[in-house]
Structure formats: structure tokens, C-alpha cells
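Let's take a walk through this chain together. Have the sequence and the 3D view ready as you read.

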Amino acid sequence: MPRFSARWMVAALLILLVGGAFFFCEYLIYFPTILKCAWPKISHARGEEGIDGRPMDSTVRAMVLSDTHLLGAVGGHWFDKLRREWQMERAFQTALWLLRPEIVFILGDIFDEGKWSSQKHWEDDVRRFHRMFRHSTDTELVVLVGNHDIGFHYEMDWFKLQRFEKVFNASSTRIVTKKGVNFLLVNSVALHGDGCPICQSVEKELIKLSRDLNCSLQNSQSGSGAADSCEGSQLYPPTPPIMLQHYPLYRVSDAGCTGLDAAPPEERHLLFREKYDVLSKEASQRLLQWFKPRLILSGHTHSGCEVLHDNKYPEISVPSFSWRNRNNPSFILASVSPGNYALSKCFLPEESTVIGVYCSAGACMLLLFLAHCLWMKGLLQCLSLCLLGKHKSL
């Protein structure tokens, strides 16, 4: 009976250990980590009002992430796909539940193989994306296009771009307005500057949006209507936009980037290639001149960085959201009003922590099993000695 009970006790302990490690690593760990995050508060001058008399406390709570890289059918191993997509799904769903953002932006490279996937594989990738990033009607999800979604400039074509736009039911270059805040979405993949048909179309749309925003500002400042040149323009809230895009604006390297999510020290001094790692100098300057954004948010590099362009245009590079690209993924929490904004960074659980917990659980299981074997061996020896002693006494 003791031997039978000991076996059941060891089995129960092993089940509890395995189940506890699994539940903690796959579900529970996301809650204490994301609970550390909070929406940043915007400081306002007393009595300050926004546009059209709107109170400045009408703040938009925006969650910004980037480079999810859902693996495709060609280069994605099934276990890698399962592991990393589960991590992103649990992180996203936990963040939605705890933080309740009003709008979520994903800054491109949604898919890893959108640039070459067949229609069948594309539909499967889209289905998985909608499952992972499902959300309630209280949250708006806005997706930007990246080079892995439609290909680099030399791989991009109308079919891939329109396929992407059809899935997300929106143009890749547009303005999203919420509570008087203008969010400018830029198809940065098409800013190659070589006059390609898609490039021309995107630049034409950007020029129109720039004119509309400038006319809105003029109309607000003059108070008596815009100039004749603004006739027929669409009016937006008269505030400088927050510009979101996949490619960062031009910078030489990540040498000036610091922080927990910056590129590794050995990579920070590697020179960026224009039109591949970052936008060209010319494209970057055009965007700044056209829109004069109060903030730029970009992705693509998979690492965090803060840059100040021309000493007045701040840019934040948002790291990848996936364990596949970095050990410590993160996302941005932005509190934005028509006249101000505040940002904070929210880190997700590190993959190395999860691996460490599983390894520790495995080591405990092994020790428990060995202890059980040694104990059973000792018990058997004791019983055999007792039986031998009784036999001799007889």
C-alpha cells in the first residue's frame, strides 16, 4: 500500500508541476507583465482648450505595435509558427483586456511572406491574423503596409497592394481622424522616387493630403475661410499630424540609439542602406516639408530608437512584437490630444524567461523522479532485509 500511494503521489506532483509551468508560461505570465504598463498622462495648461472648443482631456488612447511577421507556408516551420503566433495572440488579447485601447496601429510587415505567397496561402495567413488580433467593436484596428506584405519596391505590384488593401478595407495612404487628432498613414514602400506607377499614385495622394491639412490650418488661423487655392480641399482638424509608416525616415545608423530594446551593441554602428533599411534623404525631407508632423512612428528595424530630425521632428522606431525577431518585444502606449501627446513603452514577457521556467520545471521533474526511484530502491532493500531476517529466525 505505501508503495502504491507513493507512486500516485509522485504522479500527482509531476502533473501539478507540468500543468503549473504550462499555465504560467502560456497564460498567466502576460498578466503581471502587462499590468506594469499604464497609459501616460498628458499635461495641459489650465483652462486650455483644443480645436473647436473641444476640451483637451478628450484624449485618444492608441496602442502601437509593429512587425508581427506571421510566418507563411514556405519558410515557416510549424512549431516556430505555433509558438510565436501563440505568444503574440496571448500578448495582444491580454493587452486589449487590461488596457482597453481605443485604436490599435500595426506599422507594417504583418505577414512574413505576403510578397510571394499564393492566393491560397495568403487567405490562410489572413485567417490566422484575424483570429490572433480579434477585437471588440470598441477598439479600432488600423494596419499599415510593409515590405514583407507587398514586397520591396522592385517586387511590389498593383495586385499585391490591392490584395492587401482589400483585406483591410482601406487605402494604404490616408488620414485617420479620431477625437480631433490626425493620424497620417504613409505607404513608405512606395516612396522610392523613381516614378514607378505605384510610387506616382502614392506621391500624388500624399501631396493632396498635405494640401488638405495645410488648408485646414489656414482656414482655422484666418477665421474667414481658406484661400482660393484651397477650394475643393477636404477639411481636417487643424492640428499637425502624427505620421505612421513602416520604414523609418533617413538616419545613418542606430549608433545613437539606447535602451533595453535598442539594437545589439555590435549592430548599432552598421550603416543603413537608403531605400532598403530607411527611406532616402530626399523622401524623408519631402515628408517633413509636406506635413511637418509633431511625431513620427515607424517600424522595420525590429529595434527601438528615438531620433530628432532637423531638431524639431521626433521619431520613435517601434520594436517588433514577435519573439521571432527579439527576446524582449514591446509596444507603445500613446495618449494623444489635439495639442499634445505622451508616450510610454510596454514590454512583453521575455522568451528567455519562459524557456528558463520550462527548464527549471524539467529539472525539478527529473530530481523528483530520481528521488522517487532512490526512495523506492531503499524501501525494497529494507523490505528484503526484513524478510531475510524473519526467514533466518524461523
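This is a predicted model: local features need pLDDT of at least 70, side-chain atom pairs count only at pLDDT 80 or more; totals for chains, interfaces and linings use all residues.

Residues are numbered from 1 along each chain as its sequence is written, and side-chain values use heavy atoms, with hydrogens and water left out.

The chain holds 9 helices and 11 strands (DSSP runs numbered from the N terminus: helices are H or I with at least four residues, strands are E with at least two). Of its 394 residues, 50% count as buried, meaning under 20% relative accessible area with a 1.4 Å probe, protein chains only.

Now look for the open sheet, where 6 strands line up in the order S4-S5-S6-S7-S9-S8 with mixed pairing (two strands pair if DSSP finds at least two bridges between them). Its edges are S4 (174-178) and S8 (305-309), each pairing on one side only.

Strands S6 (residues 242-245) and S7 (residues 295-298) run parallel over 3 bridges, and Leu244 stands opposite Leu297 in S7. S7 also pairs in the parallel sense with S9, again over 3 bridges; here Ile296 has Glu315 as its bridge partner.

How many residues of S9 (residues 313-317) are buried? The count is 5 of 5, with Tyr313, Glu315 and Ser317 on one side and Pro314 and Ile316 on the other. S8 joins S9 antiparallel through 5 bridges, and Val307 stands opposite Glu315. In their hairpin, with 3 residues between the strands, Asp310 takes a positive phi near 55 degrees.
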